[in-house]
Amino acid sequence: MSKPKRERTLPDTEAKAVGRMVRSSQYKLNRVAELIRGKRIEQAIADLTFSRKRIAVEVIKVLKSAVANAENNHNLDVDDLIVAQAWTGKDMVLKRFHARGRGKGSRVEKPFSELTIVVREQAQEEKKPKSKGKGAKGKPAARKPAAPKKEAA
């Protein structure tokens with residue numbers, strides 16, 4: 001007899017992937033995760049592909065895994081997916097020794113972290129249109145009247 005199946009914590013329109021033991025500090029990894037939060041999957045992969053950060057390659061792997069989970073396990077449409085959440089957490093730290101002058105030594109810490117990416121299927125109707133020329137409180141932005149041009153004498 002097996003134990004009962006654990007219930008999903010995410011809604012039916014979401015899927016996630018977790019990358020563990022990513023060889024970077026969580027702060028550096030979070031800078032790359034900021035690039036993709038709230039973006040469509042195609043745009044997020046394009047941004048990560050041309051990012052100059054070394055860790056962006058690992059973030060692409062986790063993002064593609066989340067998309068594959070959404071498609072294969074939860075039957076979500078890949079074209080409508082957005083990156084709903086992306087967060088980082090701390091994992092283990094390798095401690096190393098670095099020899100210094102006068103017979104001393106110093107500690108070198110090599111941190112690992114974990115990355116969690118949640119993708120959500122967003123229907124076409126839910127997308128918010130970009131407001132153009134709207135000011136505060138949704139009113140059209142007030143334009144300043146053009147100053148009269150002075151004629152050259």
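Two strands are taken to pair if DSSP finds at least two bridges between them, and helices (H or I, at least four residues) and strands (E, at least two) are DSSP runs that are numbered from the N terminus. The structure described here is a predicted model, in which local features need pLDDT of at least 70 and side-chain atom pairs count only at pLDDT 80 or more, while totals for chains, interfaces and linings use all residues. Residues are numbered from 1 along each chain as its sequence is written, and side-chain values use heavy atoms, with hydrogens and water left out.

The protein contains 3 helices and 3 strands, and from the N terminus on its elements follow the order β-α-α-α-β-β. Of its 153 residues, 25% count as buried, where buried means under 20% relative accessible area, exposed means over 50%, and partly exposed lies in between (1.4 Å probe, protein chains only). Among the contacts in the protein (heavy atoms within 4.5 Å) with a separation of 6 or more, 69% are accounted for by residues 24 or more positions apart.

The 3 strands form an open sheet in the order β1-β3-β2, with antiparallel pairing. Strands β1 and β2 stand at the edges, each with a single partner strand, so one side of each is left without a neighbour in the sheet. Neighbouring strands of this sheet are turned by 10° against each other on average, direction ignored. Strand β1 (residues 14–22) pairs with strand β3 (residues 105–121) in the antiparallel sense over 7 bridges, and within this pairing Lys 16 has Val 118 of β3 as its bridge partner. Strand β2 (residues 81–99) also runs antiparallel to β3, to which it is joined by 16 bridges; Ala 86 has Ile 117 of β3 as its bridge partner, and Thr 88 has Leu 115 of β3. The hairpin of β2 and β3 has 5 residues between the strands, and in this hairpin Arg 102 takes a positive phi near 60°.

Helix α1 (residues 26–36) lies across β1, β2 and β3 and runs at about 160° to β2. Helix α3 likewise lies across β1, β2 and β3, running at about 150° to β1.

The axes of helix α2 (residues 41–49) and helix α3 (residues 56–72) come within 9 Å and cross at roughly 160°. That angle makes α2 roughly antiparallel to α3, a term used for angles over 145 degrees. The contact is made by Ile 41, Ala 44, Ile 45, Leu 48 and Thr 49 of α2, together with Ala 56, Val 59, Ile 60, Leu 63, Lys 64 and Val 67 of α3.

The loop between α2 and α3 includes Arg 52, a residue that is exposed, with a relative accessible area of 84%. Although Arg 52 and Val 32 are 20 residues apart along the chain, their C-alpha atoms are separated by 9.9 Å.

Key: Axes fitted to C-alpha atoms, helices over the stretch in contact; angles between N-to-C directions. Parallel < 35°, antiparallel > 145°, perpendicular 65-115°, else oblique.
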